[in-house]
Amino acid sequence: MGIGIAPAPATPAREGLIINDFAIVVATANGTGSQTANLAILRALFKMGIPVNGKNIFPSNIQGLPTWYHIRLSADGYTGRRHTSEVLVAFNQATLVQDVQTLPAGGICLTNADWRSVPQRDDITTYAIPVNEFIRDSGMKGKLKDYLANMVYVGALAHLLDIPLERLDEALSFLFKGKRRTVDSNMAVVRAAYEWAAANLSRDAGPSAHPYRVAPMDATDGLIMMTGNEAAALGAVFGGVTFAAWYPITPSTSVIDALNGYLEQLRRDPQTGEATYAVVQAEDELAAIGMIVGAGFAGARAMTATSGPGISLMAEYVGLAYFAEVPAVIWDIQRVGPSTGLPTRTSQGDVLFTYYLGHGDTKNVILLPASLAECFEYGYRAFDLADTLQTPVFVLSDLDLGMNNWMSPPFDYPAEPLRRGKVLTAEDVAERGFARYKDIDGDGITYRTLPGNPHPRAAYFGRGTGHNDAAVYSERPEDWESNMLRLARKFDTARGLVPGPVVEDVAGAEVGIIAYGTTEPAIREARDRLAAAGIPTSFLRLRALPINDEVAAFVARHERIYVVELNRDGQLHTILLSELPALATRLVALAHLDGMPLTARWVVEARGPPHPLAQRAGAPSPAGTLSRARGR
Amino acid sequence: MTEMTPARGARVNAIGLAQADYKGLPSTLCQGCGHNSIANQIVQVAYELNVRPHEMLKLSGIGCSSKSPAYFLGQSFGFNTLHGRMPSLATGALIANHAMRAIAVSGDGDTASIGLGQFKHLLRRNVRMVYVVENNGVYGLTKGQFSATADEGQELKYAGTNDFPPIDICMEAILAGCGFVARSFSGDAAQVRELMKAALSHRGTAVLDIISPCVAFNNDDSSTKSYSYGKEHEIPLHGIGFVPKEAEIEVEAYDPGEMRVVEMHDGSLIKLRKLETDYDPTDRLGAMHRLQWAQAQREFITGLVYYDDSRPSLAEASRMVDAPLASLGEGQVRPGREVLAELMSGLM
């Protein structure tokens, strides 16, 4: 079964030129400085007005292991990963053979003329570039030589694909923050390679002719480009973050790097040097979250950023913060687990763990950003939610969104003032009294005071032990039960406060797709392809947990729902089964597991595992609905 | 603001609070537990130093010791956190509100076993707080296992013989960069009080390792953490007197040959009356040497073991605005529309 149609051939026979609709993969060794070269190409294409997305498929290593940078150009605006890339820059001798094999027929390959044993394929075009000559001519030594080799492929690609040198100059100037001398020395190599290629490699005729070209468009006018982690940090700054504690871990470190940069720029008085924030690098993730729970208890807007292994360590404090009801914001930039797993590959594998993180009965609020704009928005909304609900709020981004460069419309300024939740001043306490855990409003959210409140009855003793309404230690069964039921009531209140799903109902669609986060671009593309093949699909993109009634209604409106996600066990699928037991037979997990970002092709061809519940319930097999379209 | 009204006729301190205003809930610890005595001294010290309860934070981990913040300063905010993890919560709370002072109470299990890492990193960061270890060498709540500060070769009914050397909390504190390291004995109320007062004036983290015998599980005379052993083997390095900053002008004349006066960062004075000749609490190597000597002799030295106020506290090093971070309003923490617009155009 699966939402399948016959896959389109990877490389359809192409007549004439293929413009702005192909993918480039640059294979290099880690630590050789290729990132600047790749980002320069990406940015030059972006400033040509062509929709692009760059994905760095990199190793967990400082130097030497292979790394691949994927750039997809799509005139139609698709930003999901492409299954194949037609243009290969094979600049890593160690992976040369494997890299050349991945090229589809008709593809082109740039490689180093001095390397022997370049695999010969007669269905591709290979360009051997005298890289070593350029390096020799430049007079550079040591590490700089490797670095310059990267600028050689930039120049050669510029000629082969038709990227104007001015755009590359501008891109390098952006990346080097306007340092003209650095830009010039890089551009000298780019230009030399460009000129050599122009003189020696004819694109349009002869054995070096090929169809791949770029051409200016206006599809990116007014858009910004940055990484999700940078957008998250910026959102936190506009959410009034005052404290962050963290421990370095891939792929979340750049959240804090960006946060430090923005805070230094925007929240430190240039005259006095005094800051309206503090950032502490903790000794581990457990200490990091302990610090933000302490800061949240004291009334600061506090956050941490981490990844799966860090979440494992944080379990203790998340449970305490849930139970003692302390606001905290935890960004989890997901990578592949279990254990150390694949530290530099992307995943949606922490959904179940974070949702229930904490022993005993614990349920946590989770936000699920799918774009730069949502990283920015949740950057500040997470604080509003944590303060309003007095609970830890997780934001589950992932490596693909967090570390790669994406396009986005400029971010909207927050529409509402900071929401600080139910906090009592000394005057409030004098007027109405204070019992920390008394549910006065019936929404499960109680009132709190902050340390420093001078009213003699304002103080309370925060604790992870059983307590009554007045926060006094209690082992009474009725106190325990009523407190836990109130926490459940608060979680139900959260359903109406978190961002609701984005729903796209398509008339006549029997099939619906539920997904979240960075699978969205590939699913959007896949749905277009399915629709073109006569299979309309509706789509619900979940933006937060817990779910609300809109999700149940969406599932009820469709015969079959595929829950697409990047993990093995279908983690959101599992949560939906427990939240929507009456609709469970409609839900099928489509889980993508290999650590790579989702592709439209995978979605179109995917075959979910036979669903035991569906079989037991005698429900029609999903294949029954869709196999006709696959021409079975 | 509501005024606090002390019980009629009660003696009050300079801010109008009676000693009873500094009390907490009745203790649920064992009768005769050294921890109760320490809680009582904290009440007395807070009263004498005119501590404003809302400016004091009480913090603890998990264990017998960590229950005790409920038994003092009932009008102060507190947090009974996780086993061995109180230092991190303290760090965050005291950065979020650096105007607060804090007394943290931990135990030997909480500090020297499960919490050794967070303890040492707290000291490295020099978070301004008093960190009391109520040290009895045994796990009481779980009925008598050895802790990491138990003596090597010690025997306990439940746990048998301890084969491993003790972790010395004062030595660990000095190695981690702590600038106020003191040891005392819960049976010596006057010394505990004076050290507590001095600790509250310290610029950064002040560690008070207080041997506090467990009456239920570790009060055998052979244990160095028993009451009788403590009484017999305590070697005070000096008598200690603390003079708060406000009382500065009333410092009595002293004889330099018998008394050493150490001025603290906030202007308070610690007067050390010499019992041992030439003990210098500002000599780091000397302090380590003295502690190791005492451990080898199965003696324990009491008093201010090491003092150095040259390192800034974490809050000082963080270069924050004067107002506590937690008190900052939207205008101070959310940049304006034009800032976002400018950033966006820079990313196009």
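Residues are numbered from 1 along each chain as its sequence is written, and chains are lettered from A and ligands numbered from 1 in the order in which they are written.

**Confidence**

The model scores ipTM 0.94 and pTM 0.94. Chain A averages a pLDDT of 92, and 94% of the residues score at least 70. Where pLDDT is low, the predicted coordinates should not be read in detail.

**Domains of chain A**

I noted four entries: domain 1 (18-213), domain 2 (226-408), domain 3 (426-495) and domain 4 (502-626). The bounds come from an automatic or database domain assignment. The C-alpha centres of domain 1 and domain 2 of chain A lie 35 Å apart. Their contact takes 11 residues from domain 1 and 9 residues from domain 2 of chain A. On the domain 1 side, helix 1 (34-47) and strand 3 (52-57) of chain A each supply at least two residues. Helices (H or I, at least four residues) and strands (E, at least two) are DSSP runs, numbered from the N terminus. Strand 3 of chain A gives the largest share of that side, 4 residues.

**Helix 18 of chain A**

Which residues of helix 18 (residues 571-579) of chain A are buried? I listed Gln571(A), Leu572(A), His573(A), Ile575(A) and Leu576(A). Buried takes 20 or more other C-beta atoms within 10 Å of the residue's own, exposed 12 or fewer, partly exposed in between, with C-beta atoms placed from the backbone. These buried residues pack against helix 11 (351-355), strand 22 (544-545), strand 23 (560-565) and strand 24 (587-591) of chain A.

**Where the chains meet**

The contact takes 51 residues from chain B and 60 residues from chain A. On the chain B side, helix 3 of chain B brings the largest share, 8 residues. Strand 18 (residues 461-463) of chain A and strand 2 of chain B pair in the parallel sense over 3 bridges; pairing needs at least two bridges found by DSSP. I checked one bridge: Arg463(A) partners Asn80(B) in strand 2 of chain B.

**A sheet in chain B**

I traced an open sheet of 3 strands in chain B, order 12-14-13, with antiparallel pairing. Strand 12 (238-243) and strand 13 (259-263) of chain B are at the edges, each with a single partner strand, so one side of each has no neighbour in the sheet. Strand 13 and strand 14 (residues 269-274) of chain B pair over 5 bridges in the antiparallel sense. Met259(B) stands opposite Arg273(B) in strand 14 of chain B.

How values were computed: This is a predicted model: local features need pLDDT of at least 70, side-chain atom pairs count only at pLDDT 80 or more; totals for chains, interfaces and linings use all residues. Two residues are in contact if their C-beta atoms, placed from the backbone, lie within 7 Å. pLDDT is the predictor's confidence in each residue, from 0 to 100.
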